[in-house]
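Student: I have a structure open and would like to learn to read it. Can we go through it in questions and answers?

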Amino acid sequence: MDSDIALTDLHAEHRAYDRDDGNLRRRLRQPSVTQREFTLPPADQGKDAWLFLAGCFMVEALIWGFPFSFGVFQEYYTTHEPFSPGPSGIAVIGTSSTGIMYLSCPVLFAVFKRWPHVRRHCTLVGLAINIAAIIAASFATQVSHLILTQGVLYAVGGVMIYCPTILFLDEWFIQRKGLAFGMMWAGTGVSGVALPFIMSALLTRFGFQTTLRAYAVALMVLALPLLYFIRPRLPLAQTSLQRRLDLSFLRTTAFWIPQSANVAQGLGYFIPGIYLPTYATSQGMTGTEGTVMLALVNMGVVFGAIWVGALTDRMHVSSVMALCSVGAVLAVFVFWGLAVSMPMLCLFSLLYGLTAGGFSATYTGIVQLVKEQDTAADTGMIFGFLAVGRGIGALASGPLSEALLHMQTWKGEAKLGYGTGYGLLIVFTGITAAAGGTSFIARRIELR
């Protein structure tokens, strides 16, 4: 009996050993957390990071370059049938497109926080909506049709591509985040240099219907392959607890002081992009010269976004915002306000794009500032609400600028640009540019 007990114990010991050995083999076959981390592509460097950033740059150029080149369409729609008999509201087309894209960001970021697996799918759906919106706009016969299609519907598709890109870029770049965002946003400027000339030539030769359909085809052919590179760096956890949506950062001064400056700057920022071609033709210049000015603004944005993004990685964000504002104020009051000739207006366009156009590249610095005061704040939601501030300015600037222009203040009374009928627009743009630097003053008062 003792031998039977001993034999039974020996069998149990062997079975335990076999179970432990099997578990050990299974554990050895499974890579550890540390091993899995080493398989991730590196942040801030490497082929994958730079291919991702190149894809972001091109998608940004294609999606945002179109509404930022709206000044060419503005000039065409106001002077050609079937829209010229009732041109009221044409400015709203461009501002509604950019404004709604900005205003929709918090909603999309909240959706992606709750259902992160839909982020990549949204880029494909957004591109399809963009293409459908442009094609639908080509059949428009009234300004209201253009507002709904080229304005609102295009914005819905654009924001579905833009928001996932912001979240993915935050994963791919850590130390060079400001520079990376600046390089991505520079895509809008690069596109804005070429697109006005292309659109102007197509509109003159073929009209708006063929031009819009051609751009829809180009968007599908060029953007669709690029979406392959717009992907996250970090894999989604198979099971994870959903964190509560934390908006407590909305109660901090670190958010509201720069946000107030952001909204104020946005109220006037879009006005030159809308009216420069029209302003040029009103002063006896050709449509091509007006297109050159719009292209120069966007060329300035290219260098401004990269320059400001790099500065934000090295300086306090309020100081960078102040630098942008000072440059923009000088550009508006001196080079636009005192000029009615082509050379001075070209100088204005380039300097304005370089300074005011780089302002949004300070967002990475604002996000960092907010997270220093509220560590639980979500990066996507901070970006989203900053975009809302920009969107308020974009939407309001359309009807507001039309009302200011309709007043024709100082026309024939003041000198140079201030006496052209656009004087109030010039002054308003300069004042809002100055307001963009108020966060610097507020920080100095706070430090005292």
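Tutor: Start with one definition: a salt bridge is a side-chain nitrogen of Lys or Arg within 4 Å of a carboxyl oxygen of Asp or Glu. Keep in mind that this is a predicted model.

Student: Is Asp 170 buried, partly exposed or exposed?
Tutor: Buried means under 20% relative accessible area, and exposed means over 50%. Asp 170 has 22%, so it falls in between. Asp 170 is partly exposed.

Student: How many salt bridges does a search of the whole structure find?
Tutor: Side chains of opposite charge can pair when their charged atoms come close. The pair of Lys 177 and Asp 170 is a salt bridge. A search of the whole structure gives a total of four.

Student: Which residue forms a salt bridge with Lys 47?
Tutor: Lys 47 is exposed, at 61% relative accessible area. The closest N and O atoms are 3.3 Å apart, and the partner is Asp 48.

Student: How many residues apart are Asp 378 and Lys 113?
Tutor: Their side chains meet in a salt bridge, 3.6 Å from N to O. Asp 378 sits in the loop between helix H15 and helix H16, while Lys 113 belongs to helix H6. The pair links distant parts of the chain, with a separation of 265 residues.

Student: Are Asp 378 and Lys 113 buried or exposed?
Tutor: The test for buried is a relative accessible area under 20%. Asp 378 passes, and so does Lys 113. Both are buried.

Student: Are H3 and H8 roughly parallel or roughly antiparallel?
Tutor: Two packed helices are described by the angle between their axes and the distance between the axes. For H3 and H8 the axes are 10 Å apart, at an angle of about 160 degrees. Angles over 145 degrees count as roughly antiparallel. So H3 and H8 are roughly antiparallel.

Student: How many nonpolar residues are in the contact of H3 with H8?
Tutor: H3 brings residues including Phe 52, Leu 53 and Trp 64, and H8 brings residues including Tyr 154, Ile 161 and Trp 172. Three residues of this contact are polar and two are charged. The nonpolar ones number 16.

Student: In which hand does H8 pass H9?
Tutor: The axes of H8 and H9 come within 14 Å and cross at roughly 155 degrees. That makes the two helices roughly antiparallel. H3 passes H8 in a left-handed crossing. The crossing of H8 with H9 is right-handed.

Student: Which residues of H9 make the contact with H8?
Tutor: The contact of H8 with H9 divides into eight nonpolar, two polar and two charged residues. From H8 come Gln 150, Tyr 162, Thr 165, Ile 166, Leu 169 and Asp 170. From H9 come Lys 177, Ala 180, Phe 181, Met 184, Trp 185 and Leu 212.

Student: Which residues does Phe 70 touch, not counting those up to four places away in sequence?
Tutor: Phe 70 lies in helix H4. Phe 70 is buried, with a relative accessible area of 4%. The residues in contact are Tyr 77, Ile 90, Ala 91, Ile 93, Gly 94 and Gln 150.

Student: Which two residues does a cis peptide bond join?
Tutor: Look in the loop between H4 and helix H5, where Pro 82 is placed. Omega is about 5 degrees there, and the bond joins Glu 81 and Pro 82.

Student: What is the phi of Asp 44?
Tutor: Asp 44 lies in the loop between helix H2 and H3. Asp 44 is buried, with a relative accessible area of 10%. Its phi is positive although Asp 44 is not a glycine, at about 70 degrees.

How values were computed
Residues numbered from 1 in each chain as written. Predicted model: local features only at pLDDT ≥ 70, side-chain atom pairs only at ≥ 80, totals over all residues. Heavy atoms only, no water. Axes fitted to C-alpha atoms, helices over the stretch in contact; angles between N-to-C directions. Helix = DSSP H or I, 4+ residues; strand = E, 2+ residues; numbered from the N terminus. Parallel < 35°, antiparallel > 145°, perpendicular 65-115°, else oblique. Left-handed = near helix turned anticlockwise from the far one by under 90°. Contact = heavy atoms within 4.5 Å. Nonpolar A, V, L, I, M, F, W, Y, C, P; charged D, E, K, R; others polar. Buried < 20%, exposed > 50% of the residue type's maximum accessible area, 1.4 Å probe, protein only.
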